[in-house]
Amino acid sequence: MFADLHKILVDSTDKNLRGLFVLVTDTILADGSFVLHHYIHSNLRAEKKTILISLDQTPFHYNSVGKKLGFNLADSNYFSIINGLTNNDPVCTYIRILIHLRSLYVQLKEKIDQEKGVNIVLDNVNILYHMYTREETDMFIQYCTSLIRSQPSVRMTIGESNEMKESESTLVMLMHEEEEEETMRSIAYSADLILSAEQLETGYSKEVDGQLTVISTREPGSQRGKSVGGRYHYKMNENNVQLSSYNSG
Amino acid sequence: MTSSFVRRGQATKNVKFSHPVFDWCKKDKSNESRLISIQNGHLRTVVEAKILLEEFLNGLSNSTSILYLSLEDSAAAKKAAMSARLGQKTNQIIFLDCWSDAYGWNAEDQNPSEEIWRDINDTAGLVSYITEWRKKHPQDAFIVLDHISRLHHHSPADGGLLPLILQSLRQEVSSTHACHVIAFSHTELLSASAASALEYISDAIVRVSLDTTTTSQPLVKTETVLRRRSGKSQVSQELYKRTTDNVRRLVDFELTKASSGEPAKAGKQSDPTANLTFNLKLTDEENKARESVVLPYRHHLNAKEEKKSVIYLDDDDDAFNDEDDDLDI
């Protein structure tokens, strides 16, 4: 969806296509939710089923962002949302009455069982850490990762080009850097790809909104043999995000 | 040790990989189970540490039995990922999936697989499984725990499972063959006390990190501590580089130079005076002339030996014996 971000992430899949766990971290001064929107809309464009577990924002918010990016999420057959904020939707209330996160996992599993190339987006996991114990939340994340890694890959058009390629299932999870360092590290080591949005080290700038650090913990599978990683400045516009590399490390 | 593997669609290529732990395992005739701890120190070196672990397995002989407890990925995914580097050797490994259904949430699934361990908190059961496996594989064997940090996360006692496994293996009577345990860990995920406890019970510690000081391309550095029964420890550092093939998944580590006690230097030493705009090199004649110059501070070497003494001339003004006038005050 965002061309610059797509270029950076294009090599993130490996040959095993075992399912990709993407962890997005952000801070109060650097919002990383644009990465979630990128994954939602790029996968919808590729007609890949996307399930959004919304614990932080209302469906209206995602619809508004979607319209700005040229998508009507409400009419999409490939998009479904699990809303943890409201009691109106019977499907969406179980977050509040949940005794154990296992129920949420079972629901997810039923939704995507035997689907090819599923995209699960969790916004954001901090809410779960507040509602449940760390052990329960870690279990849930582990099972979600297991779920997407067990899904078969799908052959689809990726990005702006018409090139067909195998696409694996993805779990994209936003986490604010408010949790304990130990918890953050534990999740980071479970992830295949970590995208950290931070404010500029040099302070506020009009031209740059923040910096995005990309770390891959899996071996790249691209023919070019390039590792996914590096540090980028990003600037958020009305319906686009511009990225520029400033340090390869 | 020379490890060989088959590249997909390419001829077999030999890649030299050696490590002090290999020699140490070979020389050890006690047939006692040893604990080898491979420790990754940073999130950015996860891939390199994993490749190192695979190189270890690749270097084992074909008659060695290997039990691989996968604690961070499904057995199927792990097998697929390893097969690229290990080739046919992957079939030699028995995988136990301790991750996919670690808490039994999928226990009601229609096709339960025997390879899946469904209760990660059942430490005693896991030890029994390993003991039974060992009984069925009495020859030289290795048990790999990938990664132990995850077990520690679930077990309240620091390193609770490892001592139990080692204890049970050491109880087994095996006069001719040893069963070693390789514990892979991310040290950042262990508490300080757990990391310390792990090192104390380990017989060999291999710490993996990146070395950016030697060449422009980061090398993989391992710091190895071999702890002998006598109480002595041998510390060494090894440097490895990754080959630059196009297909990165099949690229292996290549030993550049290993030394005992000193960091190795990679490749040929570069000449820092090679690309200067002025001349810093001397001809043979200039070198001879330079060497023949006697530097000022070396003149005393040519001086003749003579008897030296200190001459003191008494001065009338010297007041050694004068009384202090102020004493009367």
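Biologist: Which residues of α7(A) do Leu101(A), Leu104(A), Tyr105(A), Leu108(A), Lys109(A) and Ile112(A) in α5(A) meet?

Modeller: Keep in mind that this is a predicted model. Helix α5 covers residues 101–112 of chain A, and α7 covers residues 134–150 of chain A. By class, their contact has nine nonpolar, one polar and two charged residues. On the α7(A) side, the partners are Glu136(A), Thr137(A), Phe140(A), Tyr143(A), Cys144(A) and Leu147(A).

Biologist: Is α5(A) roughly parallel or roughly antiparallel to α7(A)?

Modeller: Let's go by the angle: the two helices pack at about 10°, with their axes 10 Å apart. Angles under 35 degrees count as roughly parallel. So α5(A) and α7(A) are roughly parallel.

Biologist: Which two parts of chain A does the pair of Phe34(A) and Tyr234(A) tie together?

Modeller: A search of the whole structure finds seven aromatic pairs over all chains. In this one, the ring centres of Phe34(A) and Tyr234(A) are 4.9 Å apart and the planes sit at 45°, so the pair is tilted. The two parts are 200 residues apart in sequence: helix α2 (residues 33–45) and strand β10 (residues 229–236).

Biologist: What does the pair of Tyr143(A) and Tyr103(B) join?

Modeller: Their ring centres lie 6.3 Å apart with planes at 45°, so this pair is tilted. Both Tyr143(A) and Tyr103(B) are buried. Tyr143(A) is in helix α7 of chain A and Tyr103(B) in a loop of chain B, so the pair joins two chains.

Biologist: Which residues do ring pairs link into a cluster with Tyr143(A) and Tyr103(B)?

Modeller: Tyr143(A) is one of the α7(A) residues that meet α5(A), and Tyr105(A) is on the α5(A) side. Ring pairs link Tyr143(A) and Tyr103(B) into a cluster with Tyr105(A) and Trp105(B).

Notes:
Residues are numbered from 1 along each chain as its sequence is written. Chains are lettered from A and ligands numbered from 1 in the order in which they are written. This is a predicted model: local features need pLDDT of at least 70, side-chain atom pairs count only at pLDDT 80 or more; totals for chains, interfaces and linings use all residues. Side-chain values use heavy atoms; hydrogens and water are left out. Rings of Phe, Tyr and Trp (its six-membered ring) pair if their centres lie within 6.5 Å; planes under 30 degrees apart count as stacked, over 60 as edge-to-face and the rest as tilted. Helices (H or I, at least four residues) and strands (E, at least two) are DSSP runs, numbered from the N terminus. Buried means under 20% relative accessible area, exposed over 50%, partly exposed in between (1.4 Å probe, protein chains only). Axes are lines fitted to C-alpha atoms, for helices over the stretch in contact, and angles run from 0 to 180 degrees between N-to-C directions. Angles under 35 degrees count as roughly parallel, over 145 as roughly antiparallel, 65 to 115 as roughly perpendicular and the rest as oblique. Contact means heavy atoms within 4.5 Å. Ala, Val, Leu, Ile, Met, Phe, Trp, Tyr, Cys and Pro count as nonpolar, Asp, Glu, Lys and Arg as charged, and the others, Gly among them, as polar.
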